[in-house]
Amino acid sequence: KDAFMQSQDYQNFLQFKEDKKTLVEATKNRLDLGEIWINQFEKLNPRFFYSFELIGDYYLKHKDLILAKKYFSQALELNIPTKMEKNRILKKWKKI
């Protein structure tokens with residue numbers, strides 16, 4: 001068996017994929033997931049800019065502009081593969 005498939009990183013990735021759906025749905029419908037849930041989501045993929053962008057979107061939709069800007073800033077500090085993705089986050093960050 002592949003060692004990566006057994007690793008915690010892979011398990012976190014699978015959980016991230018599931019929880020991402022929950023976060024997107026909660027953002028869209030302004031559902032409150034709570035700070036503990038958000039912190040757990042962040043820990044699943046802490047080096048992935050998209051994690052922080054999604055959390056920023058969540059807080060933006062919930063009108064918590066301070067936390068939204070914080071998470072967009074964190075996303076911008078990470079490796080973002082394309083200029084289009086970076087500009088998308090930068091645009092959200094500048095709006096706040």
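Leaving aside its neighbours within four places in sequence, which residues is Y59 in contact with? In this predicted model, local features need pLDDT of at least 70 and side-chain atom pairs count only at pLDDT 80 or more, while totals for chains, interfaces and linings use all residues. Residues are numbered from 1 along each chain as its sequence is written, and side-chain values use heavy atoms, with hydrogens and water left out.

Back to Y59, then. Its contacts (heavy atoms within 4.5 Å) beyond those sequence neighbours are I38, D64, L67, A68 and Y71. Y59 belongs to helix 4, residues 49-61; helices here are DSSP runs of H or I with at least four residues, numbered from the N terminus. With 9% relative accessibility, Y59 counts as buried, a label for anything under 20% relative accessible area, with exposed meaning over 50% and partly exposed in between (1.4 Å probe, protein chains only). From Y59 to A75 there are 16 residues in sequence and 14 Å in space, C-alpha to C-alpha.

Next comes a pair of helices. Two packed helices are described by the angle between their axes and the distance between the axes. Helix 2 (residues 8-28) packs against helix 3 (residues 35-44) at about 140 degrees, and their axes are 9 Å apart. Those axes are lines fitted to C-alpha atoms over the stretch in contact, and the angles run from 0 to 180 degrees between N-to-C directions. Helix 2 and helix 3 are therefore oblique to each other: angles under 35 degrees count as roughly parallel, over 145 as roughly antiparallel, 65 to 115 as roughly perpendicular and the rest as oblique. On the helix 2 side, N12, Q15, F16, D19, K20, T22 and L23 meet W37, I38, F41 and L44 of helix 3.

Two of these residues, F16 and F41, also pair up through their rings. Rings of Phe, Tyr and Trp (its six-membered ring) pair if their centres lie within 6.5 Å; planes under 30 degrees apart are stacked, over 60 edge-to-face and the rest tilted. Ten aromatic pairs turn up by this rule. The ring centres of F16 and F41 are 5.1 Å apart and the planes sit at 25 degrees, so this pair is stacked. Since F16 lies in helix 2 and F41 in helix 3, the pair ties together parts that are 25 residues apart in sequence. Both F16 and F41 are buried. W37 and F41 are stacked too, at 5.6 Å centre to centre and 10 degrees between the planes. W37 is partly exposed, at 23% relative accessible area, whereas F41 is at 0%. One aromatic cluster takes in F16, W37, F41, F48, F49 and Y50.

Conventions:
Helix = DSSP H or I, 4+ residues; strand = E, 2+ residues; numbered from the N terminus.
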